[in-house]
Amino acid sequence: MFGRSNLSGLLHAENKEKQLIAAAAIRNIDPDSSNNEKNLLLSAFNSNDENICSLIIKQMKNDNEILPDEKLIKYLNEESSIVRNAALSVVESRASLVLLPHIIQCLSYPRSAMPARSALQVYDENEVVELLIEHAQNKNVEKSLVIGIIRTIKKYPTKDSLDMLLSVISPKVPPIQA
C-alpha cells in the first residue's frame with residue numbers, strides 16, 4: 001500500500017500524469033496538505049494538453065477549493081469534448097443547480113450529449129423539463145441544441161414536454177388539450 005511518503009516521492013516523477021495523480025491522492029487524503037501539491041494541481045488546469053486537463057478535473061471532483069463550480073462551468077463550455085466530458089462526469093457527483101443550464105448546452109455537442117443526458121438524471125425531473133423547454137423555445141437557439149433537447153426530452157414524458165416537442169417539430173400544431 002502506498003503511504004504518503006511514497007506518494008510524495010511521485011511528485012517529482014518525470015511523468016506529469018504520475019505527478020498529478022500523486023498530488024491529487026495526497027490532497028484527497030489530506031486536504032490541508034502543503035501548497036506544493038495544491039500549486040501543482042492548479043497549474044495543471046492551465047495546461048494546453050486536454051488529457052492532462054481532463055485527468056485533473058476527474059481527480060479533483062470532490063475538491064471544491066481547487067475545482068469550484070465556476071471553474072467547472074468553464075470546462076463545461078470548453079471546445080474539447082475530452083475536457084467537456086470530464087467536467088460532465090464531475091457534475092454528476094455535485095448536482096449543483098448552477099451547473100444545470102451549462103449541462104443542457106452540452107446537449108448540442110454530439111460527443112457530449114450522452115454524458116450530458118446522464119448528468120441530467122441526478123437533477124429533479126421538473127427542473128430539468130422546465131429548463132429544457134425554456135432552452136428549446138428560445139428564438140436564438142441553435143439547431144444542434146434543439147436536436148439534443150428532443151433526444152433528451154424523450155426521457156421526460158410530461159404534458160409540457162410533449163407540448164414543447166410538438167411545437168418544435170411543427171409550430172402550427174396546437175398544444176395537446178388535457
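A nonpolar core is a set of buried Ala, Val, Leu, Ile, Met, Phe, Trp, Tyr and Cys residues joined through side-chain atoms within 4.5 Å, where buried means under 20% relative accessible area (1.4 Å probe, protein chains only). The model is predicted, with local features needing pLDDT of at least 70 and side-chain atom pairs pLDDT 80 or more, while totals for chains, interfaces and linings use all residues. Residues are numbered from 1 along each chain as its sequence is written, and side-chain values use heavy atoms, without hydrogens and water.

**View 1. Ile 57 in the largest nonpolar core.** This core has 49 residues, and Ile 57 and Ile 103 have the most contacts inside it. Beyond neighbours within four places in sequence, Ile 57 is in contact (heavy atoms within 4.5 Å) with Phe 45, Leu 67, Leu 72, Tyr 75, Val 83, Ala 86, Ala 87 and Val 90.

**View 2. Packing of helix α2 (residues 16-29) with helix α4 (residues 50-59).** Helices are DSSP runs (H or I, at least four residues) numbered from the N terminus. The axes, lines fitted to C-alpha atoms over the stretch in contact, lie 10 Å apart at an angle of about 15°, on a scale from 0 to 180 degrees between N-to-C directions. The two helices are therefore roughly parallel (under 35 degrees). Lys 16, Glu 17, Leu 20, Ile 21, Ala 24 and Asn 28 of α2 meet Ile 52, Leu 55, Ile 56 and Gln 59 of α4.

**View 3. Crossing of α2 and helix α3 (residues 35-44).** The axes come within 9 Å and cross at roughly 125°. Among the contact residues are Leu 20 and Ala 24 of α2 and Leu 40 and Leu 41 of α3.

Note on methods. Buried < 20%, exposed > 50% of the residue type's maximum accessible area, 1.4 Å probe, protein only. Parallel < 35°, antiparallel > 145°, perpendicular 65-115°, else oblique.
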